[in-house]
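Work through the exercises below with the structure in view. Try each task before reading its solution.

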Amino acid sequence: MGQTRAGMEQLGWRLRRLRRMSGLEVCWRVEDRARQALWARRRFGGPAIAPGPAHRTARRSIPGGRRAPALPATAVLEALDGAARDELLAAADMLLAGRARLLGSLRTDMVEPAWSLDPTTGRSFAEGRCAFRVDYRGGSERRSVKHVWELSRHQHLTVLALAWQCSGDARYPRMIADHLASWWSKNPVLTGVNWASGIELGIRLISWAWVRRLLTGWATAPSLFEDNEVAQHQVYWHQRYLDAFPSRGSSANNHAIAEAAGQLVASCAFPWFAESERWRAQGAGRLETQLARNTFADGVNREQAFEYHGLVAELGLVAAAEAEAVGAPLSQATWDLLCAMLDVTAAACDRSGRPPRYGDADDGRALVLTADRWRSLLATGAAVFGPQPWWPATVPDAQSALLAALVGRRVPVGGRPTERPPHFPGAGLTILRSPAGADHELWCRCDGGPHGFLSIAAHAHADALSVEVRYDGTEVLIDPGTYCYQGNPTWRAYFRSTLAHNTVELDGQDQSLAGGPFMWTRAARTTIDDVVVGGGGSQQWSATHDGYRRLAPPALHRRVVRLDPSDSSLELVDHLASEGAHTVRLAFHLGPDVECDLAGHLATLRWTGSRGDRVTATLALAPELVWTRHRGSTTPLLGWYSPRFGEAVPTTTLLGTGRMAHGQLQCRLKVVTPPS
């Protein structure tokens, strides 16, 4: 019965997915399926692509005299101070001890990794199966393929390689060699779940390029890579796969960028093959095209998920640095775009340096040499483009120093904002906040943008008109995060639901309709009505969405947000308009560090501030609704926060419930006892 139900669910998903494709995309996918079938027959029906001199193209240098860029060794030592070095070596030693924490799960098999194991369920994907026939989306067996793929991105190997570069401890490269030999043995070309998605191949190639670079000076490195036929075979077929099966159409989001970046980086770092120059040019062209398509004119990533803004910016910088280092730079337009993305990051961060949280977040990285992606991104931007006067202070780290050294120049970019921009109209991202010189910062992100990107809006949440509020960096009203992708559809649905966000739900319905864990079949349309920002006075934002037009009778939701920095207060007014009554639920999700006492329509909030003092705030709640307090509930799911992918912790949700047709709901947050 379970398998039958899973089969029907899969069939329904495939039909919905097909409806989100254009005719041209359907043709592309038919062509891909035919090529996959041919490759599968060659791989599993005979020796045509088995390793061996008859089927391997000889290594060669990039034409025109360019060579794979060498390691700027001094950049590592200069950027790693005592504390950073100690943190790096502690992480590397934890790997030597056989342990690693990846996506919220503690893996204890790092001495001899199980490359196909999902540590969240203890179940493995079958080894030896053709990658094109692996069902990694779920089916009757609920597994998290994301947790499997994370280890096979080999970003733990770049940590080990950097640790060797800093310490000279031979245990680190020996573990790298063991892991690569194990992975290549357990994951032959086109075999198993780790060959099933192009983004994984692209990111893995970036890791291999940096592992080889960081092992410069280790005597055994050539025999592990360029003098190793197995390594040559793997690198070749990773690139050939990316050449043949690019993400296109409704899937041309961050996946397409990671694939192009991996192809570009690998063809520069491993210029071993007759196809290397063509792959380099192709990767560069695809990368530049997809970066432009995936980015609003205001510099914000189109996926409406800020973690992916960071991933895409990182992918672009890593690939651009590699191309620059071999004398094949990307266009000035692409450098301008990457600089704009970093200006957005600097502008949107709160005073503590934390960026907004909205949409999906899976902690994906292009390159892992440092733990804090956002600080490293801004440090890279400061080194490559130069910081604007309004940027937060940056501190160079190993990753930013190495990337800047590869670029080797300060990239000039004109037309950058001379003041911190608070509003990004393409993305509908607005930041209301206290003036830069204020003693304390009340920070509020308002969501008035499109639902998501492309026809499936894969990483969007049903969060129109939601807000996120922080005080001196402490999360007061939160975005819930993501927690999971595959493996647990109930939790996946909750974390991207309207109820899980600080906005209004009507009749128990999401504003937008999901058609699968990475697909939406109907999207709310949002219009920003008014934005008054800048200066040191009161700021206002208002917007309307039509996601409830499908209800009977139809309804419109409009929200007005006012921030007054003079008394650290935030007012939210929700206007509902319909010809008939609807069940209304308005949720406020508090940060995990916020304590709450609820008395009727007044909530008293307390937390320990960034300076160690106790902070008190009041949240006056709309009297038209009946308010209840929830924390870590599983029936129903309510009161949860995901600080990072794979982790969910209880937090407090204040839920107001009632019925209304016309009218407004007014709530007001005010900090009454700021820290001294």
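Predicted model: local features only at pLDDT ≥ 70, side-chain atom pairs only at ≥ 80, totals over all residues.

Residues are numbered from 1 along each chain as its sequence is written, and side-chain values use heavy atoms, leaving out hydrogens and water.

**Exercise 1.** Find how far helix α10 reaches and how many of its residues are buried.

Step 1. Helices are DSSP runs of H or I with at least four residues, and strands are runs of E with at least two, numbered from the N terminus. Helix α10 covers residues 229–244, which is 16 residues.
Step 2. From first C-alpha to last, α10 reaches 22 Å, close to the 22 Å expected. The expected span is 1.5 Å times one less than the number of residues.
Step 3. Buried means under 20% relative accessible area, exposed over 50%, partly exposed in between (1.4 Å probe, protein chains only). In α10, 13 of the 16 residues are buried, so the rest of the structure largely encloses this helix.

**Exercise 2.** Locate histidine 154 and decide: buried or exposed?

Step 1. Histidine 154 sits in the loop between α5 (145–152) and α6 (155–167).
Step 2. Its phi is positive, about 60°, although histidine 154 is not a glycine. Most residues other than glycine have a negative phi.
Step 3. Histidine 154 has 0% relative accessibility, so it counts as buried.

**Exercise 3.** State which peptide bond is cis at proline 553, and where this proline lies.

Step 1. The bond runs from alanine 552 to proline 553, with omega near -5°.
Step 2. Proline 553 lies in the loop between β14 (539–545) and β15 (555–564).
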